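Hi,

Here is the structure I promised to pass on. Have a look at it first, and then read my notes below.

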Amino acid sequence: GSGNRSLLFHSLREASITIWRSADIFKLCAVTSFFEGAMYVFVLLWTPVLRGLHDNHQTHHEINKEDPSHDDPSTMTTSSSSSSNHNDGGPPLGIVFATFMVCCMLGTSVF
């Protein structure tokens, strides 16, 4: 009840005082907060960004299909053969995420 609430507020007050009085702890909290904030932004936005890039690529590809004067002969065979080899429902988010995780693992192993 109220005793637990009082103990919680007392603990939070003491922790806040400790953070504000120690420059090192304050810096650690600030860096951690900025890192976590950047991670949340990344986690929330990486799939919409990739889908947007994929949609822009698809639109560009469709324009080139309709008007052959925009076609680049070096990319024409590559894009037509790649679109027939996989489902073109969007970017391969699973492969991208797995690659991110492998890079995180490698980075952790190196450091």
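**What I found**

Of the 111 residues in the chain, 7% are buried. Keep in mind that this is a predicted model.

As for the fold, you'll find 4 helices and 0 strands. Reading from the N terminus, the elements go α-α-α-α.

One thing to look for on the surface is a nonpolar patch formed by Val-41, Leu-44, Leu-45, Val-49 and Leu-53. Together these residues have about 490 Å² of accessible area. Why does Leu-45 count as partly exposed? Its relative accessibility is 46%, and the partly exposed class covers what lies between the buried cut-off (under 20%) and the exposed one (over 50%).

Then there are the charges. Side chains of opposite charge can pair when their charged atoms come close. How many salt bridges does a search of the whole structure find? The search turns up 1. The partners are Arg-13 and Glu-14, with 3.8 Å between their closest N and O atoms. Are the two buried or exposed? Arg-13 is exposed, because its relative accessible area is 53%. Glu-14 has a relative accessible area of 35%, so Glu-14 is partly exposed.

That's what I have for now. Happy looking!

Cheers

Methods. Residues numbered from 1 in each chain as written. Predicted model: local features only at pLDDT ≥ 70, side-chain atom pairs only at ≥ 80, totals over all residues. Heavy atoms only, no water. Patch = residues over 30% accessible without salt bridge, like charges linked within 9 Å, V, L, I, M, F, W, Y side chains within 5 Å. Areas by Shrake-Rupley, 256 points an atom, 1.4 Å probe, with all protein chains shown as cover. Salt bridge = Lys/Arg side-chain N within 4 Å of Asp/Glu carboxyl O. Buried < 20%, exposed > 50% of the residue type's maximum accessible area, 1.4 Å probe, protein only. Helix = DSSP H or I, 4+ residues; strand = E, 2+ residues; numbered from the N terminus.
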